[in-house]
Amino acid sequence: MQVSWNAPLEKVLDKCLENLPFSYAIEEHSVIIRRKEKSVAEKIISLFIPKITVKGVVKVQQKTLGGVSILVERTRQISRTKEDGSFFIEGLEKEDVLVVSYIGYQQQKIRVGDVDGVINIELKLSTNVLDEVRVLAYGQKTSQRTNTGSTVSIDAAVLEKTPTSDPIAALQGRAAGLLITNNSGLPGAQVSVQIRGINTLNLDGKARMPLYIVDGVPFTSSSIAGLTNLGILTNGSSESPFKSIDPNSIANIEVLKDADATAIYGARGANGVILITTKRGKAGQIQIGADVYASIAKIPHYIDMLNTEQYLDMRRQAAINDGIEITEDAFPDLTKWSQTKYTNWQKEFFDKTALTQNAELNITGGSNQTRFLLGGGYRNEKTVYNTMDGLKSGNIRFNADHNSKDNKLNLALTLSYSGDKNTAIALDPVSFYALPPNYSLYNEDGSLNWAVPNPIASSLSKMESKSKSAITNFVGSYKVLPDLTLKASVGYTDLRIRQMMLTPIAAQDPKSSNPQGYTYYANNKNNSFTFEPQADYVLHRGNSTFRALLGGTYIDNKSSNYALNAYGYTDDVLLGNVSAAQRSDTTQLASQYRFLSAFTRIGYEYQNELFVNATLRRDGSSRFAPGKQFGDFWSLGAAWIFTERQWMKSAMPFLSMGKLRASYGLSGNDNIGDYSYFVNYEKTFNKYQGTGLFPKNLFNSDYQWEENKKFEAAIELGFLNDAVMLTVNYYRNRSGNQLVAYPLASQVGVGNVNQNMDAKIQNSGWEFILNTSQIKHKDFSWTSSFNLSVGRNKLLSFPDLENSSYKDLYAIGKSLSLFWGFDFQKIDPQTGKPVYRDVDGNGTIEYPNDFVPLSNLLPTFYGGFTNNFSYKRFDLDIFLSFKKSGRNSILNLSPGATLDNQPVEVLDRWQSPQNPGSRIAYTTDGALIYTYNSSLATAFNNSYIRLSNISLGYNFSEKQAGKLGMKNLRVYAMGNNLFTLTNYPGFDPETGVSMPTLRSFTFGLKTTF
């Protein structure tokens, strides 16, 4: 359409509104556009147009479906199917179009003139991301199209692309706002999880973790292991409790982020919520499914270290630079050891191939009324340094669903049990990579060489860790009225772990003071009972739908920890016999946590266009003193699909879907530990005049709930019939009334006191999600998914921070996760020594006066990019993950100061004023090395782009599979952690110089009989 700018306004408007159901009026300086009203003649004619009545039944897989929405496009009137799937609509015209929709199924449009008055509609599962089912709190279901909250869904197809024992690790880079960091590549190691930043000053890891719900039952997110960092794992990592959940048993994982999605969980949802839903039985003939694969894995990258000649030159030059005499005691590497021997200790011990074997078997079937699934799995995972020991795990699971013929009664039972055994002593490259290249682990007589701490000594110890996990859940619901359903859920979890470690005399330095054997035993338990009654009311009136959920939660969590330490074994043969120990100490702790809540969620929906939800919850926690135990939390969320308006469709024809949504609410946090408001006592192990008791904490009955206020605004846009979907989220979360264990001076006699602090933390950021379907053809398809999270965490206020115990940990206006150190300026070109900023101006560089925040340890942005291709029976998936960080990962450099080899970065050192280099001169000065490594001088940027996964599969035809006695057959190959683009010189930009995430290749097959 072309209109001259010099044309009269009336002509322009006539042309713009041509063939559209709008009229206009010009009043003074305003143009008013209205929907055209029918003329009197048109109204008279319409009286004589015969009206049409349409009736029918909506089914899914031959099963009737109630509650299906049927919209008349012309009038915007909505009808819904009854419980038997039937519907009846009067007053229709021949040209009317009916839009049939239901969560999780493809939307269908039916022209009234094309049917004879009776319609039998069969809904099909939706392939449009907008209509995929989203599971919300307490089993509520929605879709992205109708959701008022911020959630991300990851289905089984994604989890299957990562052959890991921990399903949470498979989410890395897959969901916007979800930051997952690998801490160790050892089997069973737990990852760190953050949803939209750090919300609390509390340094306890549990206080910063999201809430996990598995099949409707709360699941502990922290390890109950007692040997963490002593024998099982290293580098501050811990055993993941999620290794008890078989990734292949999971149907879907939902990540709930904003107030609208999480406030219904009240105090437990302050850090976000992760819902894990396992696969369930399907109606039909009994089928047996199997999935078997094997993986081989190796360390993908090693640190470039000095060779023997370079190492010896470094040690020698360091002594010369500092005027130190080279003696046999101080420099055995220069005087006693071979001057030509070279050993790459990284590859000597960690260049083996780790083998993993995994097998899954399940049986499923049943009728439309009763369905079941029985399955189990086995996994055997080795390490790159020990091909005999490793992590072995197995699981068995059963679930059943039953509904009455009239669909009023619904019952669901879920049972799962898993166990694992870890016998691999945790060796880590961090203890090996810096060994001198001419060092020998053994002396000539075969004994261990203790010139440096011998890293293989720990392998002489014996370690065993056995854990068990059981999850049970029963849900029953009954529709007492057409609009009212009563429901009750009962859940129970039981986690147990038994650990043992025997350390012989042979594993200790004989030069130490009277080395003796010692043993450690631990038996820890955690169980939780949950009861949740609910009433769900749904009322359809005209174009409006009202929903109300009323319920309560009761949780009773009990934990116990038993530990036995035995010391003073003089003979390694007697290890394990506690009576042979000279001394033994036992510790037995028990705690109970109770949680009682009432909640309601009220929703309103208008014409499948406007959605409003309000949530109110009152929580009571046993972690607070009487009078402080209860807190109130709430949220309000709304969404408007503006493209449902006809005038918007006309104004923006390029949009197939447009939606605005926003939410605001208050959640809380009670993660302060059990019984902490009154004085707890622990027994002493120093048996002077008998065993005594000492106070563990101070009495304080005044502290109360931490509060987190969450705001979010978002826009969701669809283009090209939703082939391109863009979501942009902005969030701002502010938490206050900080609940912390405030550190105290040692003179007080206890380490801390629990209290609230008037400090405020803000997490804000943007999230971008782009899903595209570039090609969708019978033989070839290509879809992509991209997510990007840009977040900022900062401390807004902290009264009297400078005079508090946190002054060297936090800074106003900066992130809660900071790297503190000396502010390195340069290398002195005359001396080769580092120069730092003298913060207090006293002429001396010292701690803490010159310690300042240098770098933010949280990433600037992170995300992932997935491409899915299919060609006939082949499918190919490629997944990239990325993270942008600052210069914050330290690679300790001590060039010449100790019996440690160094990365090749030290070669660019200061040698003279004429040859200054970029690194300090070789030196034996330990104090100088300390300040140097406490600055950004040895820090590297650990940003990366990683080719995380490539998966290639082939699906055999039914005929080909049938010849082998199978219903279907798929073979596949996967590569994980294939390539990492980074400037970080360590093993891995996430794990640093500790065990990295391994590069693995997996080959498997999946079949159904």
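## Close-up views of a predicted model

**View 1. Ser855 sits within a strand.** Ser855 belongs to strand E44, which covers residues 851-856. Keep in mind as you look around that this model is predicted. Is Ser855 buried or exposed? With a relative accessibility of 10%, Ser855 counts as buried, because buried means under 20%. A polar atom of the Ser855 side chain lies 3.3 Å from the backbone oxygen of Arg887. Setting aside neighbours within four places in sequence, Ser855 is in contact with several residues, including Ser817, Leu818 and Phe819. Gly886, Arg887, Asn888 and Leu936 are also among its contacts.

**View 2. Tyr593 and Phe595 form an aromatic pair.** The structure has 36 aromatic pairs in total. In the pair shown here, the ring centres of Tyr593 and Phe595 are 6.1 Å apart. The angle between their planes is 55°, and the pair is tilted. Tyr593 is buried, at 10% relative accessibility, and Phe595 is buried too, with a relative accessible area of 0%.

**View 3. Phe861 and Phe882 meet edge-to-face.** Why is this pair called edge-to-face? The ring planes of Phe861 and Phe882 stand at 65°, and planes over 60 degrees apart count as edge-to-face. Their centres are 6.3 Å apart. Phe861 lies in strand E45 (residues 861-871) and Phe882 in strand E46 (residues 874-884), so the pair ties together parts that are 21 residues apart in sequence. Phe861 is partly exposed, at 30% relative accessible area, whereas Phe882 is buried, at 16%.

**View 4. Ring pairs build a cluster.** Which residues can you find here? Trp337, Trp345, Phe349, Phe350, Tyr385, Phe432 and Tyr439 are linked into a cluster by ring pairs.

**View 5. Two arginines lie over ring faces.** Look for Arg174 over the face of Phe879, where the distance to the ring centre is 3.7 Å. Arg946 lies over the face of Tyr944, at 4.8 Å from the ring centre.

**View 6. The largest cavity has a lining of 36 residues.** Rolling a probe the size of a water molecule over the atoms shows where empty space is left. How many cavities of 30 Å³ or more does the structure hold? There are 8 of them, and the largest has a volume of about 700 Å³. Of its lining residues, Thr162, Pro163, Thr164, Thr997 and Leu998 lie nearest the centre. At least two lining residues come from each of several strands, among them E20 (284-298), E21 (354-366) and E22 (370-382). Strands E46, E49 (944-955) and E50 (968-982) also each supply at least two.

Methods
Residues numbered from 1 in each chain as written. Predicted model: local features only at pLDDT ≥ 70, side-chain atom pairs only at ≥ 80, totals over all residues. Heavy atoms only, no water. Phe/Tyr/Trp six-rings, centres within 6.5 Å; stacked < 30°, edge-to-face > 60°. Buried < 20%, exposed > 50% of the residue type's maximum accessible area, 1.4 Å probe, protein only. Helix = DSSP H or I, 4+ residues; strand = E, 2+ residues; numbered from the N terminus. Lys NZ or Arg CZ within 6 Å of the ring centre and 35° of its normal. Polar contact = N/O pair within 3.5 Å; in protein donor to acceptor, adjacent residues only side chain to side chain. Contact = heavy atoms within 4.5 Å. 1 Å grid on protein atoms, 1.4 Å probe; cavity = no way out; pocket = protein on both sides within 12 Å on 5 of 7 lines; lining within 4 Å. Points joined across faces, edges and corners; volume = space filled by probe spheres on them.
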